[in-house]
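Reader: I have the sequence and the coordinates open, so please walk me through whatever deserves a careful look.

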Amino acid sequence: MSTLVVQDDVAEERHRFIEKLTPYLFISPWILGFLFFTLGPLIFSFVMGFYDWPVVGERTFVGLQNYEVMLTEDPLFWDSLWVTVKFALFFVPFNVVLGLLLAVLLNQKVIGTGVFRTIFYLPSVISGVALVTIWAWIYSHEYGILNFLLGLAGIEGPNWLGDPNWSLLAIVIASLWGLGGTMLILLTGLQSIPKELYEAARMSGVPGWARLVYITIPMLSPMLLFTLITSIISAFQQLTIALLLTKGGPLESTYFFAMYVYDNAFMYFEMGFAAANSWVMFLIILILSMLVLKSSSAWVYYEGEMNNSEAADD
Amino acid sequence: MKNYLKQFAMVITVASMALGGASTVFGEEVLRFATWNSSENLAILQKISKRFEAANPGVKVQVESYGDGYDKKLIAAFGAGNPPDVMYMWNYPKYYTSLVPLDEFMARDAEDMDLEDIPAGLINTTRIEGKAYGIPAGFTTHVVFYNKDMFATSGIAEPEAGWTWSDLREKAAKFRDKSSKTYGFAVEMKPDPYDYEQFFWSNGTRFIAEDGSSVDGYMNSPEAVEVLTMFAEMARTEEATVLGVGDSTSGSALFKGGKLAMFQSAMWSKGGIDKAGINYGVAMLPAFGNKPVHSSIGASAMSIAKATKNPELAWKFVKFYASPEAVKLRENDLPVRTSIAEEMNLTTDPVYKPFFEMLALSDRESNAFLRHRNWSKIQANLERAIEATMFEKGNAKKHLDNAVARSRRHLN
């Protein structure tokens, strides 16, 4: 009798265990992918950062030397970091503000909005290489359409890609062309704002700009937070456009940090040094994202959430 | 159904090759050969490889064209422990520990392959610490192409043997025409330093000390400053157009379009110029005053990976590439064998002759990258100095001094 009970218990326990396991089995493809393709390489690169790690030849443990060389000896580290920060300072605000502006415009009930939405989103679908080829032609000093148009207006256009004073700006503009993604996210956000809010405001005689500032932006703030963080991350990881459009030049005016990492890894084959580089980048992005998230409690409004003062008032 | 079977067999073949470089497929011995060549040049290599297969039944040569990404793909293959058996090689300092030294093979087969027919200067481009790691299969020296029709129309005398840079500048200035966007010569904003060293040599200096111990007094020597200043000066006075600034108009495109009277380049430009139907002549590199000219030599040499399972077969293949039969087939570079060059009358042909004359003068120096293992990093500083000088159209001394200072930490 007692043995039967025990067996029953065991069967039940097994059953419960399997029941608990099932959800994990369902998400296992993602978990495994994360472990093998994200977390694994992440930890591995952290370890690599402490080695002199050539692709061909002996690996040697060097402790913190890679970090030391990067921070104290290699001027390119600071130069490339500065270029990246400058780029981010231009790119992030423009990307979010212009994305918002476009989204607001495309949210109007005007004939042809569908067509315009498609047109503005199209550049985001184009692959980086094709995009760069198009911009290389646009920016061409003597034959480019941009300087041709400027010429029509009586302005002698600069040598966009050949002049270190203009090259970074040229890359910012080319990068902003792909703000369709930001626009799409914000547009979705706009359309989920309840119409009643606007109707009530309109009936109370609230002007258009105030509706934007007091209704649209607060209601949109979670989306803005998301686009802000993703913009910062993509600004710091900028590589494709600069690599293909200017190769970091002229005079390293567009030599991004990601390119520095890339060159150390795949031109000089110093894998350990490059791994240490990318960990610095990882930490910078992590800290910036955390700061933005931390600040978000002050300016992001979630509809489903009540903050403490409101709760106390009730 | 048959098609499916074929596809299935294909998949299995590819998969088995991917899984650790199985060298035997369907009972054949497979030899993997990696090259940076593509299109026409690749077709030539495939032709030579087919001949090798015909002469060696049971051997299959798999020509792998890595194109522009050559160095990255090659290092990845070595890193993964699955390198090709035979490959084109130039960066010996980086790879030589993973390559087979060929001196023993060469000594054994010297007579059989008539090694004396290959100029020693060419084999020296593959030597590290005295050992040869490659056998050249083709090469090029540097020359100046000039558009004969443009010279005739403008009534300017064509370049003569023994000409100097001041001769070139004088001629170039006369070709400059703003309205037709015509230039006499072209200089590079971001030249490949490998080829740029020939100007240093020709002016009596070099990038780095012969023993690789120092760049101070070499890279920033008065002669070096003179070279950079001269090119910057040519850009400033518009005797030359500057290539490689923003727009990617290439020198060969300008030359082929009749917008450039003189163009300094090598064999790799000749095919395109021939096709464009330009009536051109070839001159040797100009000299700096009365100093001896020295050209850079670009050799396509073949090396064998230490990891190869069949070094004898790989060597046989390399030997075949340097054989008279194969050398004759290489139309897009120059024959490494003196006998073939003579047999094909190249040494007397006015178009080819200057290339061989340059070769005869260019055995004194070897490239900087052979002299220091960190050269690629030092070179980045030099490239920056050249670019900055060309951009500011001057200040060569300042930029070269800066390059020397920044290179110091790489010299230990």
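Author: Let me start with D114(B), which is placed in the loop between α5 (103-109) and α6 (120-124) of chain B. Please keep in mind that this is a predicted model.

Reader: OK, what is phi of D114(B) near?

Author: Phi of D114(B) is near 50°, which is a positive value in a residue other than glycine.

Reader: And how many other C-beta atoms lie within 10 Å of D114(B)?

Author: There are 14 of them within 10 Å, so D114(B) is partly exposed.

Reader: Which other residue has a positive phi although it is not a glycine?

Author: E129(B) has one, with a phi of about 45°, and that residue lies in the loop between β5 (127-128) and β6 (131-132) of chain B.

Reader: Does E129(B) count as buried or exposed, and why?

Author: E129(B) counts as exposed because it has 9 C-beta neighbours inside 10 Å, and the cut-off for exposed is 12 or fewer.

Reader: Let's move to the strands. Why is β11(B) described as largely enclosed?

Author: Five of the five residues of strand β11 (residues 262-266) of chain B are buried, so the rest of the structure largely encloses that strand. In a regular strand the side chains alternate between the two faces of the sheet. In β11(B), M262(B), Q264(B) and A266(B) point one way while F263(B) and S265(B) point the other way, and all are buried.

Reader: Which strand is joined to β11(B) by five bridges?

Author: That is strand β8 (residues 142-147) of chain B, and the two run antiparallel. Within this pairing, Y146(B) has M262(B) in β11(B) as its bridge partner.

Reader: What is the strand order of the open sheet of three strands?

Author: The order is β11-β8-β12 in chain B, with antiparallel pairing. Since β11 and β12 (280-283) of chain B stand at the edges with a single partner strand each, one side of each is left without a neighbour in the sheet. From one strand to the next, the twist averages 35°.

Reader: How many bridges pair β8(B) with β12(B)?

Author: Four bridges pair β8(B) and β12(B), in the antiparallel sense, and here Y146(B) stands opposite G281(B) in β12(B).

Reader: Which helix packs on the sheet?

Author: Helix α16 (residues 353-361) of chain B does, touching β8 and β12 of chain B, and the direction of that helix makes about 150° with that of β8(B).

Reader: What about β13(B), how many of its residues are buried?

Author: Seven of the seven residues of strand β13 (residues 298-304) of chain B are buried, so this strand is also largely enclosed by the rest of the structure. Both faces are covered, with G298(B), S300(B), M302(B) and I304(B) on one side and A299(B), A301(B) and S303(B) on the other.

Reader: Which strands are joined to β13(B) by bridges?

Author: Strand β4 (residues 86-89) of chain B is joined to β13(B) by four bridges and runs antiparallel to it, with Y88(B) standing opposite M302(B). Strand β7 (residues 135-140) of chain B is joined to β13(B) by five bridges, again antiparallel, and there F139(B) stands opposite A299(B).

Reader: Switching to the interface, how many residues of chain B are in contact with chain A?

Author: 19 residues of chain B are in contact with 19 residues of chain A. On the chain B side, α3 (70-79) and α17 (375-392) each supply at least two residues, and the largest share, six residues, comes from α17(B). By class, that side has six nonpolar, five polar and eight charged residues.

Reader: Now chain A itself, how many helices and strands are there?

Author: Chain A comes to 14 helices and two strands. Its radius of gyration is 26 Å, whereas a compact globule of 314 residues would have one near 20 Å, and its C-alpha atoms fill a box of roughly 100 × 75 × 40 Å along the principal axes. Of the 314 residues, 28% count as buried.

Reader: Where is confidence lowest in chain A?

Author: Confidence in chain A is lowest in helix α14 (residues 308-313), at a mean of 49, and highest in helix α3 (residues 75-106), at 93. The chain A average is a pLDDT of 87, with 94% of the residues scoring at least 70. Where pLDDT is low, the predicted coordinates should not be read in detail.

Definitions and conventions: Residues numbered from 1 in each chain as written. Chains lettered and ligands numbered in written order. Predicted model: local features only at pLDDT ≥ 70, side-chain atom pairs only at ≥ 80, totals over all residues. Contact = placed C-beta atoms within 7 Å. Nonpolar A, V, L, I, M, F, W, Y, C, P; charged D, E, K, R; others polar. Buried ≥ 20, exposed ≤ 12 C-beta atoms within 10 Å, placed from the backbone. pLDDT = per-residue confidence, 0-100. Pairing = 2+ DSSP bridges. Axes fitted to C-alpha atoms, helices over the stretch in contact; angles between N-to-C directions. Rg over C-alpha atoms; globule rule 2.2 N^0.38 Å.
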